[in-house]
Amino acid sequence: MPYSADRGKKSVSRQALDELKQQIPLLEYLQTHDWQPARQLSRGRLMGLCPLHVDHKPSFLVDPLKSLFYCYGCGRGGDVIRFAELYHQVKFPQALALLHQWRGLAPLLHEVARFYRVQLHRHGDAVAYLRQRGVRSPELIEHMQIGYAPGGCLRSWLTRLGYPLQALRQVGLVTAAGYDAFIHRIVFPLEGNLYGRSISTSAPPHRFLPGAKGGLYLWQQIRHCPEVILVEGLFDYAVLWQAGFHNVTCSMGNHLNARQYGQLCDGPRTIYLALDADANGSGQQATQSLACRLTEQGMNVRRVSLPDGHDPNSFFVEDGDARQFQLLLEAAQ
Ligand SMILES: [Zn+2]
């Protein structure tokens, strides 16, 4: 069987590849990975910063009609499959698997996030919870696309739209028993996932859909900043962004996955670590070991010391302001 080693690639027919590419327009795929065009050229072509490396002037050309890209900075180009290979740093078969997964999941999660955003403004208890966590500005709610899962209504909405129940179970939006999985939770859309924060004290506080939590939060929007602030919770992100610190990102937990770590180290930058300072010291330990690893990679790392027992969210909720946080950044070592 001399050809068996190559069978994985050969078994994907040209026709199947063309179909996949037709179903996933490059521009749409780029946009769900936070890419934004900086300007429009002739014949509908777009130019923006290259998502494949640190880019300071737009050199990434996208032709939405042909679904092709080319970067004048790094000289790489191709179709959506090539882009997925380069962006996720995987080989051809894994890129195909990721694209298949994206095709199934992205439109559904988009629909879910839209539904939950409408619910937020119908539920006073959810809005009150957001206030209590320091989230006030409508711009912030829009920027993070914050929604609310009341429970007991998503399943019927999606099945009415034609999504089969089996698919909803598979993604984890509906439990095996047939109920909405997210109940009484503030919901934040992530890259290929959702995060739900319970507003009731009787349920576990944090919940994701099964699968990877994705990369750093809205990384494409800030990866060109020479200085970034890393926090571990989305409510930490929220109060900082609201206070005007837009160069912030979030790892959703004090452990970074390989993808998030790779993103943080993809170019020279100064990283301010503003992780939680827990009473038992585990947060400080996590910060310490992360700081060491990042320094080994040549990053300029500063540790932000929050007052004892505080995270950035509680710091701002308890009357901390942008000026005071700026002083903490300047004092960071
Ligand atoms: Zn490039």
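Predicted model: local features only at pLDDT ≥ 70, side-chain atom pairs only at ≥ 80, totals over all residues.
The chain is divided into three domains. Domain 1 covers residues 12–89, domain 2 covers 105–208 and domain 3 covers 219–331. The centres of domain 1 and domain 3, taken over C-alpha atoms, are separated by 30 Å. Contact between these two domains involves eight residues of domain 1 and seven residues of domain 3. On the domain 1 side, the touching residues comprise four nonpolar, two polar and two charged residues.

An open sheet is formed by five strands. Their order is β1-β2-β3-β4-β5, and the pairing is antiparallel. The edges are taken by β1 (39–40) and β5 (77–78). Each edge strand has a single partner, so one side of each is left without a neighbour in the sheet.

Strand β2 spans residues 46–48, and β3 spans residues 60–63. The two strands run antiparallel and are joined by three bridges. Within this pairing, leucine 46 stands opposite valine 62 of β3. Valine 62 also stands opposite phenylalanine 69 in β4. The covered face of β3 carries Phe60 and Val62. Its uncovered face carries Leu61 and Asp63.

Strand β4 comprises residues 68–71. Four bridges join β4 to β3, and the two run antiparallel. Phenylalanine 60 has cysteine 71 of β4 as its bridge partner. Leucine 61 has tyrosine 70 of β4 as its bridge partner. On β4, Phe69 and Cys71 form the covered face, whereas Leu68 and Tyr70 form the uncovered one.

Beyond its neighbours within four places in sequence, leucine 52 is in contact with Cys71, Cys74, Arg76, Leu86 and Tyr87. One of these contacts, Cys71, belongs to the covered face of β4. The C-alpha atoms of leucine 52 and isoleucine 271 are 20 Å apart, with 219 residues separating the two along the chain.

Helix α13 comprises the 15 residues 282–296. At 1.5 Å a residue, α13 should span 21 Å. Its end C-alpha atoms are 21 Å apart, which agrees with that value. The buried residues of α13 are Thr287, Leu290 and Leu294. They cover an arc of only 75° around the axis, which puts them on the same side of the helix. Three elements pack against these buried residues: α12 (258–264), β12 (270–273) and β13 (300–303). The face of α13 turned away from its buried side carries exposed residues. These are Ser282, Gln285, Ser289, Cys292, Thr295 and Glu296. Just after α13, glycine 298 takes a positive phi of about 90°.

Phenylalanine 235 is placed in helix α11, which comprises residues 234–242. Phenylalanine 235 has 22 C-beta neighbours inside 10 Å and therefore counts as buried, the threshold being 20 or more. Apart from its neighbours within four places in sequence, phenylalanine 235 is in contact with Arg133 and Asn313. The C-alpha atoms of phenylalanine 235 and arginine 323 are separated by 19 Å. These two residues are 88 residues apart along the chain.

How values were computed: Residues numbered from 1 in each chain as written. Pairing = 2+ DSSP bridges. Buried ≥ 20, exposed ≤ 12 C-beta atoms within 10 Å, placed from the backbone. Domains from an automatic or database assignment. Nonpolar A, V, L, I, M, F, W, Y, C, P; charged D, E, K, R; others polar. Expected span 1.5 Å × (residues − 1). Arc of directions from axis to C-beta.
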